[in-house]
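Student: I'd like to learn how to read the features of a fold, one at a time. Can we start with the strands?

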Amino acid sequence: PIVQLVRMSLSDLQFVQAGVSWTWVGLANFKKIFQDPIALTAMRNTVLFAVITVAVETVVATVLAIAVNRVTRLARFYRVVVMMPILIPPIAIGVMWLMIVNYNYGVLNEALTALGIAGPAWLNSGTLAFSVIIVVDIWHWISFMFIIILAGIESLPVELNEAARIDGASEMQLVRHITLPLLRPTISVAVVLRTIFAFKVFDEIYLLTSGGPGNATQVVSSYIQEVFFTQARMGYAAALALGTAVVVVVLVVGYQRLSTLTARRAGA
């Protein structure tokens, strides 16, 4: 599949009666990316979306995992509640949130109206629509980060915390000087995986905004779908997909090297 993707990205494909016509164009499709304002907007939105969602999800999931790990009563109940969103299919999540933020019949605006507040058209404003997409993604994927980080916490040796408590360390000191440093490899893995998934976001955006209004919520995945299936520019869509994969690889490798460098400095 990767070889086929590279071959497509270097060609111009056209449907003909006998099948598909392949015309070699070299790097022309990649040059179009830098001349396409929608592609550049989609890439900017994707990067911004990934940075915000991954950062918020990492922080909140870490706090939740540490809190749930220290709970003695109703611990299983809290875990199920936090993990529930990741079990719901993305299509159902998109429809569910559409019923919440819709301007005409959404639950959120009805609640605001009951309080005497005129609710905005959440999906008709570029800034609000992008914010809604971010909130939906955080709600959906925070449980993914929670599961990984909680598993990492439960694998930590309890002897270190017990020894620190005997020496008079507070709970905040335990978290800061023992739990978080030992969790760094687990958090790094979770961040890398979540970053990859964030760059491939599609379902919620397709169902809620379809990239609109305008191109305010257009991301690379939704633009590739439009170029491939609607515009039938398969070679250009393949170039967009390959370019996105390269960007993700660069970001992941850079983050891993930064994490390794930070760990070495901390150890020194």
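This is a predicted model: local features need pLDDT of at least 70, side-chain atom pairs count only at pLDDT 80 or more; totals for chains, interfaces and linings use all residues.

Student: Over how many bridges do strand 1 and strand 2 pair, and in which sense?

Tutor: Strand 1 (residues 11-16) and strand 2 (residues 19-24) run antiparallel and pair over six bridges. They make a hairpin, with two residues between the strands.

Student: Which residues of strand 2 stand opposite F15 and V16?

Tutor: F15 faces V20, and V16 has G19 as its bridge partner.

Student: Which residues of helix 4 are buried, and what do the buried ones pack against?

Tutor: A75, V82 and P85 are buried. The buried residues of helix 4 pack against helix 3, helix 5 and helix 7.

Student: Let's do the core. What counts as a nonpolar core?

Tutor: Think of buried nonpolar residues joined through side-chain atoms within 4.5 Å. Here the largest such core has 44 residues, and F49, F146 and I149 touch the most other members. Helix 3 (37-70), helix 5 (90-101), helix 7 (126-154), helix 9 (171-199), helix 10 (203-208) and helix 12 (234-267) each give two or more residues to this core. Helix 7 provides the largest share of the core, 15 residues.

Student: What is F49 in contact with, beyond its neighbours within four places in sequence?

Tutor: F49 contacts F130, I133, I134, D137, A198 and V201. There's also another core, apart from the largest one, with 14 residues, among them F30, I33, A42 and A239.

Student: Is E57 buried or exposed?

Tutor: Anything under 20% relative accessible area is called buried. E57, a residue of helix 3, comes out at 0%, so it is buried. Leaving out residues up to four places away in sequence, E57 touches D137, I138, W141, I142, M145 and R194.

Student: And how does D203 count?

Tutor: D203 sits in helix 10. Its relative accessibility is 32%, so D203 counts as partly exposed. From D203 to I133 is 70 residues in sequence and 11 Å in space, C-alpha to C-alpha.

Student: Last one: how is a pair of aromatic rings described?

Tutor: By the distance of the centres and the angle of the planes. This structure has seven aromatic pairs. One of them is W141 with F144: their centres are 5.6 Å apart and their planes make 80 degrees, which is edge-to-face.

Student: Why are W141 and F144 separated by about one helical turn?

Tutor: Because W141 and F144 are three residues apart in helix 7. Both are buried, and together with F197 they form one aromatic cluster.

Terms used. Residues are numbered from 1 along each chain as its sequence is written. Side-chain values use heavy atoms; hydrogens and water are left out. Buried means under 20% relative accessible area, exposed over 50%, partly exposed in between (1.4 Å probe, protein chains only). Helices (H or I, at least four residues) and strands (E, at least two) are DSSP runs, numbered from the N terminus. Contact means heavy atoms within 4.5 Å. Two strands pair if DSSP finds at least two bridges between them. Rings of Phe, Tyr and Trp (its six-membered ring) pair if their centres lie within 6.5 Å; planes under 30 degrees apart count as stacked, over 60 as edge-to-face and the rest as tilted.
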